[in-house]
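Me: I have a structure to go through and I am new to it. Could you take my questions one at a time?

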Amino acid sequence: DGTLTEPSEGILNAVLYALPRMGIETPANLDAMKALIGPPFQFALQQFFSLTPEQARHMTDIYREYYSVHGLFEAYVYDGIPALLKGLQDHGILLHTATSKPIEYVERLLPHFDLRSYFTFLAADDLAGTRHSKPEVIRYLLEHVPDITPENTVMVGDRKYDVLAAREFGIRTVGCAWGHAPAGELEEVGAAFIARTPAEAERIILSL
């Protein structure tokens with residue numbers, strides 16, 4: 001979320017669906033809820049709405065009633081993303097996902113937006129939250145794609161969680177400034193490179 005697609009509409013609609021069932025008043029500033037995009041979702045719910053882990057799990061279940069049917073597809077692919085993926089693929093670069101979104105959703109979302117053919121392996125969380133943190137997702141990827149090394153791999157992401165997780169494995173990061181990171185966040189956590197557009201991301205990756 002925030003790197004390949006702009007998912008705000010679907011995520012916020014699913015949160016708004018869940019709030020009354022949780023007895024939570026809708027925030028006056030809906031844009032502030034975009035802070036939920038990027039972090040592991042249940043953790044983000046705990047932080048934003050001051051929920052316990054159990055309450056966050058319950059809210060996630062309600063959220064998914066809407067998101068799994070409607071919200072997943074209330075998104076759009078950022079301009080330049082198909083060209084970026086094709087350009088990297090044409091240069092022989094293997095592409096994999098490393099997302100906190102459940103794999104059950106990733107396997108539906110990518111074909112819907114005609115992006116599945118660009119990716120070799122899909123590393124993600126699952127609906128049970130087995131790999132709920134980004135480092136766990138990257139570890140899962142490394143276990144299934146043994147050719148990955150810090151020297152031949154770049155993590156592309158739009159939030160600090162991507163940068164910090166990749167750093168745990170010695171992997172460089174291209175921060176996507178077109179995503180949902182607050183101003184300065186990617187620089188503060190030490191992203192090796194910052195790309196303002198997908199075309200710039202392609203130039204950076206191909207230069208490494």
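Reply: Gladly. One definition first: a polar contact is a pair of N or O atoms within 3.5 Å, and within protein one of the two must be able to donate a hydrogen and the other to accept it. Please also keep in mind that this is a predicted model.

Me: Fine. Where is Asp125, then?

Reply: Asp125 belongs to strand S4, which covers residues 121–125.

Me: Which side chain of opposite charge is nearest to Asp125, and how far away is it?

Reply: That is Arg131, at 5.1 Å. A salt bridge requires the nitrogen and the oxygen to be within 4 Å, and Asp125, although buried, has none.

Me: What does the backbone of Arg131 do there?

Reply: Its backbone nitrogen lies 2.7 Å from a polar atom of the Asp125 side chain. The 3.5 Å limit given above is the one that applies to such a pair.

Me: Which other residues is Asp125 in contact with?

Reply: If neighbours within four places in sequence are left aside, the contacts of Asp125 include Thr99, Ser100, Lys101, Pro102 and Ile103. Thr130, His132 and Val137 are also among them, as is Arg131.

Me: Back to salt bridges. How many are there in the whole structure?

Reply: A search of the whole structure gives six. One of them joins the side chains of Lys134 and Asp162, with 2.3 Å from N to O. This pair links distant parts of the chain, since Lys134 is in helix H6 (residues 134–144) and Asp162 is in helix H7 (residues 160–168), 28 residues apart.

Me: Are Lys134 and Asp162 buried or exposed?

Reply: Lys134 has a relative accessible area of 8% and is buried. Asp162 is buried as well, with a value of 6%.

Me: What does Arg159 pair with?

Reply: Arg159 forms a salt bridge with Glu185, and their closest N and O atoms are 2.9 Å apart. Glu185 lies in helix H8 (residues 185–188), whereas Arg159 is in the loop between strand S5 (154–157) and H7, so the bridge ties together parts that are 26 residues apart in sequence. Both Glu185 and Arg159 are buried.

Me: And which residues does Asp90 meet in a salt bridge?

Reply: The side chain of Asp90 meets that of Lys86, at 2.7 Å from N to O. Both residues are in helix H4 (residues 81–90), four residues apart, which is about one turn of the helix.

Me: How accessible are Asp90 and Lys86?

Reply: Asp90 is exposed, with a relative accessible area of 53%. Lys86 has 44% and counts as partly exposed.

Me: How do S5 and S6 run relative to each other, parallel or antiparallel?

Reply: S5 and S6 run parallel and are joined by four bridges. Val156 has Val174 in S6 as its bridge partner. The chain passes from S5 through H7 to S6, and this β-α-β crossover is right-handed.

Me: What else pairs with S6?

Reply: Strand S7 (residues 193–195) pairs with S6 in the parallel sense, over three bridges. There, Gly175 has Ile194 in S7 as its bridge partner. S6 is mostly covered, as four of its five residues are buried.

Me: New topic: what is the phi of Ser50?

Reply: The phi of Ser50 is positive, near 55°. Most residues other than glycine have a negative phi. Ser50 sits in the loop between helix H2 (41–49) and helix H3 (53–67), and it is exposed at 64% relative accessible area.

Me: And what about Asp114?

Reply: Asp114 has a positive phi near 60°. This residue is in the loop between helix H5 (103–112) and S4. Asp114 is exposed, with a relative accessible area of 63%.

Me: Last one: where is Arg203, and how far is it from Gly87?

Reply: Arg203 is in helix H9 (residues 198–207) and counts as exposed, at 55% relative accessibility. Arg203 and Gly87 are 116 residues apart in sequence, while their C-alpha atoms are 9.7 Å apart in space.

Conventions:
Residues numbered from 1 in each chain as written. Predicted model: local features only at pLDDT ≥ 70, side-chain atom pairs only at ≥ 80, totals over all residues. Heavy atoms only, no water. Helix = DSSP H or I, 4+ residues; strand = E, 2+ residues; numbered from the N terminus. Buried < 20%, exposed > 50% of the residue type's maximum accessible area, 1.4 Å probe, protein only. Lys, Arg positive; Asp, Glu negative; His and termini not counted. Contact = heavy atoms within 4.5 Å. Pairing = 2+ DSSP bridges. Right-handed = clockwise from strand over helix to strand, strands pointing away.
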